[in-house]
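Thanks for coming, everyone. Please take a moment to look at the sequence and the structure on the screen, and then I will walk through a few places in them.

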Amino acid sequence: MSRPVSRVLTLLELLQAGGTRTVAELADRLGVGERTVRRYVDHLVDLDIPVESVRGRYGGYRLGPGHRVPPLMLTDDEALAVLLGLVAGRRTGTTAAAGTAGETAAAKIRRVLPERLRRRLDSVLDSLTFTAPPGGTAPPETAVLLPVADAVHHHRPVSIRYTASGGRRSERTLYPYGLVAHSGRWYVTGRDLSVGEERTFRLDRVTDARVLPGSFEPPACHDPAERLLKALATAPYRHEVTLRVRGTAEQIRTRLPCSVATVTEAPPASGTDPETETGAGAGAGTGADAGRWSRVEIRAERLDWLPGVLASLDLPFVVERPDELRDLVAALAGRLMDAARHNPPAG
């Protein structure tokens with residue numbers, strides 16, 4: 001590569017780092033005069049790369065928005081970061097790119113890398129394994145994600161066409177408050193104007209999104225992630241479980257996260273000792289020091305996973321409802337007692 005071409009590409013790399021670079025700074029980094037820097041900028045403009053001239057005392061040159069992506073100049077660390085991000089995002093389901101967009105993007109980056117760097121990156125990717133299974137959820141369509149994100153950022157209403165889990169289709173107008181990625185899925189939280197309440201929608205179930213005229217003021221201190229976790233924890237399921245657990249919300253969250261349970265710390269009812277009440281309780285009657293009791297509410301389609309989770313809390317608890325869960329806890333306790341009494345077979 002000739003020296004002038006190499007310096008033009010180096011100039012592009014410097015501008016891609018962001019911000020405005022003065023002519024003097026660029027001349028010093030490139031080892032050329034200021035007039036030569038201006039000539040190199042003209043070369044980039046001739047290649048349809050949007051370089052903007054900034055006037056004033058602190059003026060210079062910066063890379064502006066263009067109608068197409070300019071050539072990228074990546075260091076070894078940057079190339080590795082981009083490829084690993086694409087691979088990990090596709091694996092976990094958090095890549096917001098439909099179809100094979102993630103794969104084609106990775107292939108394009110690999111194709112333009114020098115052979116030396118490509119071999120090193122291939123060694124990393126070939127030796128990389130994941131402990132979690134691949135994400136099986138569909139990413140949102142780019143034509144849906146981008147307008148919704150724009151509406152969130154500029155506080156503008158958006159019209160969406162939504163397909164519910166039961167297959168019912170509807171068109172809704174939403175004041176979107178935020179986007180949340182959770183467990184391989186993308187969600188938008190906001191106020192559904194058709195019902196006048198806050199709702200949460202999965203973006204992979206949105207088939208069309210259009211930003212509408214107007215604006216709105218989002219509520220103060222709204223936390224989209226907290227709103228989503230609460231919505232997941234209180235969604236309608238077959239069983240409504242209510243427990244009391246002797247422990248803090250922080251202790252309980254180690255086994256029952258926000259997306260699974262709603263935890264409310266409260267002192268025990270006056271004049272009542274929960275450990276003497278009827279019900280299954282791990283640690284009941286063990287003489288544990290009195291502490292704060294928390295109310296735990298869980299909505300679940302099945303109950304068979306709960307006894308083991310409650311036992312792993314290693315905290316006293318009382319099942320208020322349903323009776324079926326109390327029976328399952330007792331059955332687990334019986335199996336554990338039987339296992340503890342049996343001696344291992346003679347070798």
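Which residues does Thr189 touch, not counting residues up to four places away in sequence? Before I answer, please keep in mind that this is a predicted model. Thr189 touches Tyr175, Pro176, Tyr177, Gly178, Arg199, Thr200, His222, Pro224, Arg227 and Leu228. Thr189 itself sits in strand 5, which covers residues 185-192, and with a relative accessible area of 0% Thr189 is buried.

Let me turn to helix 2, residues 23-30, where the buried residues are Val23, Leu26, Ala27 and Leu30. Viewed down the axis of helix 2, these buried residues fall within an arc of 100°, and so they line one face of the helix. As a reminder, an α-helix has 3.6 residues a turn, so residues three or four places apart point the same way. On the other side of helix 2 we find Asp28 and Arg29, which are exposed, and after the helix comes Gly31, with a positive phi near 75°.

My last stop is a pair of helices. Helix 10, residues 306-313, packs against helix 11, residues 323-341, at an angle of about 65°, and their axes are 9 Å apart. Helix 10 contributes Leu306, Pro307, Gly308 and Leu310 to the contact, while helix 11 contributes Leu325, Leu328, Val329 and Leu332. Sorted by class, this contact of helix 10 with helix 11 has seven nonpolar residues, one polar residue and no charged ones.

Key: Residues are numbered from 1 along each chain as its sequence is written. This is a predicted model: local features need pLDDT of at least 70, side-chain atom pairs count only at pLDDT 80 or more; totals for chains, interfaces and linings use all residues. Side-chain values use heavy atoms; hydrogens and water are left out. Buried means under 20% relative accessible area, exposed over 50%, partly exposed in between (1.4 Å probe, protein chains only). Helices (H or I, at least four residues) and strands (E, at least two) are DSSP runs, numbered from the N terminus. The arc is that of the directions from the helix axis to the C-beta atoms. Axes are lines fitted to C-alpha atoms, for helices over the stretch in contact, and angles run from 0 to 180 degrees between N-to-C directions. Contact means heavy atoms within 4.5 Å. Ala, Val, Leu, Ile, Met, Phe, Trp, Tyr, Cys and Pro count as nonpolar, Asp, Glu, Lys and Arg as charged, and the others, Gly among them, as polar.
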